[in-house]
Amino acid sequence: MTGLAFAILLGLYFLLFPCKGLGVIISPRDGTKLTFVPGSSRNITWTFDDAKAAYRDWSFTSSDGLGSGLLGGIVSDFEPQTTTDVLPGVNIIKPGTLALSNVDQNYNGTYTFLLKVNGKPDDTSDVIVFIAIKPTVTTCSSPVTVIEGNDLTCECQGQGGNPAANVTWFKDDIQIGKTGKEEQTLTRRNVSAADSGTYKCVAESYPDAKFKDERLITVVVKLKFKPNETAIRLTPERSVIGESVNITCESSGLPKPRYSIIHNDTEVSSERTYTISKVNWSDAGTYQCTVENELGRNSKYSCLTVVGEKAASKKVDCESSTETVVVWHIVVSLVSGVIIGLFLSHIVSCSRRRWFINRKPGRSSEPKTADIDTTYQELDLTKINTEDNYQSLRVNAASYDAGNRAANDNDSTYTELNKTRDVENNYQSLT
């Protein structure tokens, strides 16, 4: 009935009051997007010119699109006419105020104020109303562990809030980064120990504690360190020929270290565990576990003993394996030493021979003056005794000359001994 009366008044207005000019609407001072707390009563006020001559009405469209319709209006300066068919708690106050009472979620939507002149739409103004709902925060699971030097990212979402929640990160009550709508990502580059601590994500749809949600997360920054507590485990340590054995490296380090298993100076695996499915005699010996990361390395050793199937059979362990290696080292060392010694001896011998040749004095180049009998060319002075038996041949030569000069003058070779010594104290010639 109220709607019918309003329509009749509207028709009479356009008949009695022709167009007198254009009306201009001024939006509410609070803005065009308003948030109301459930159960509260609020007014939305528009202003416009030519208030006495204009016709105006208010309509509503729900945010979910399920409800819409005319809320009421004013013809010229008559009393406002309202309808409760759409929203029960709505009143109109002259000249341009819409009063909402005891609002709930049904009041979420768009309110349109329309000004008509001479039966044609002249101007409109929309105001969106949100009935506040508390958001729910979802974010990373706590604690968040990150390695020193890496990047940290954690997304926080404020879901289900009305209006869309403002999402902000804090640490020690200091805001980090900007505020996002419904979600915001926490980002820390190249983290260090200073980035450890408690972070808080806050989602707020209305500046009231009732409409705010928050979550705390703990960030743990693991500092890098070189490998330590390294160990190597043999299972079993005493292996029977033909059976299997597992060799496992264990260590701690950050970043995660690289592993290497070495047997008798040869790498056999780059994994933490090395499995020998069928053990042979050659598998016995020392195994080395080496772990390494960017900060350093560490190693540990263990011995694998291999035995035969019977208790009294052959056994190979680290000691016997080491003895074999040592013997070979000794043999190789001895052979190498002999070869090097012979080579050096040859070099020294050649050098000495060349040195003696260079030091030997040259022979005299003077020509011989006469041919002599070489029988007594040299006389060794070492044979001279105390009785001077060989002091001179000159006396014997004289005696010989006295008795036999006539007959043997031409054959005498004992006329005179000239004592001319060389370097070796020998008498070189008889003259």
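I took helices (H or I, at least four residues) and strands (E, at least two) as DSSP runs, numbered from the N terminus. The model is predicted, so I kept to its rules: local features need pLDDT of at least 70, side-chain atom pairs count only at pLDDT 80 or more, and totals for chains, interfaces and linings use all residues. Residues are numbered from 1 along each chain as its sequence is written, and side-chain values use heavy atoms, with hydrogens and water left out.

**Entry: Gln157**

I looked up Gln157 and found it in strand β14, residues 152–159. Its side chain makes a polar contact of 3.3 Å with the side chain of Glu155. I counted a polar contact as a pair of N or O atoms within 3.5 Å; within protein, one must be able to donate a hydrogen and the other to accept it, and residues adjacent in sequence count only if both atoms are side-chain atoms. Next I set aside the neighbours within four places in sequence. Gln157 is then in contact with Thr136, Val137, Thr138, Glu182 and Glu183 (contact: heavy atoms within 4.5 Å).

**Entry: aromatic rings**

I searched the whole structure and got 5 aromatic pairs. Phe48 and Phe113 form a tilted pair, 5.7 Å centre to centre, with 45° between the planes. Rings of Phe, Tyr and Trp (its six-membered ring) pair if their centres lie within 6.5 Å; planes under 30 degrees apart count as stacked, over 60 as edge-to-face and the rest as tilted. This pair links distant parts of the chain: Phe48 lies in strand β4 (47–48) and Phe113 in strand β10 (109–117), 65 residues apart.

**Entry: charges over rings**

The charged end of Lys200 sits over the ring of Phe170, 5.9 Å from its centre. Arg272 has its charged end over the ring of Tyr259, 5.4 Å from the centre. The test was NZ of Lys or CZ of Arg within 6 Å of the ring centre and within 35 degrees of the ring normal.

**Entry: a sheet**

I traced an open sheet of 3 strands, in the order β3-β9-β8, with antiparallel pairing. Strands pair if DSSP finds at least two bridges between them. Why does one side of β3 and of β8 lack a neighbour in the sheet? Both β3 (42–45) and β8 (90–93) stand at the edges, each with a single partner strand. I found 4 bridges joining β8 to β9 (97–100). Val90 stands opposite Leu100 in β9.
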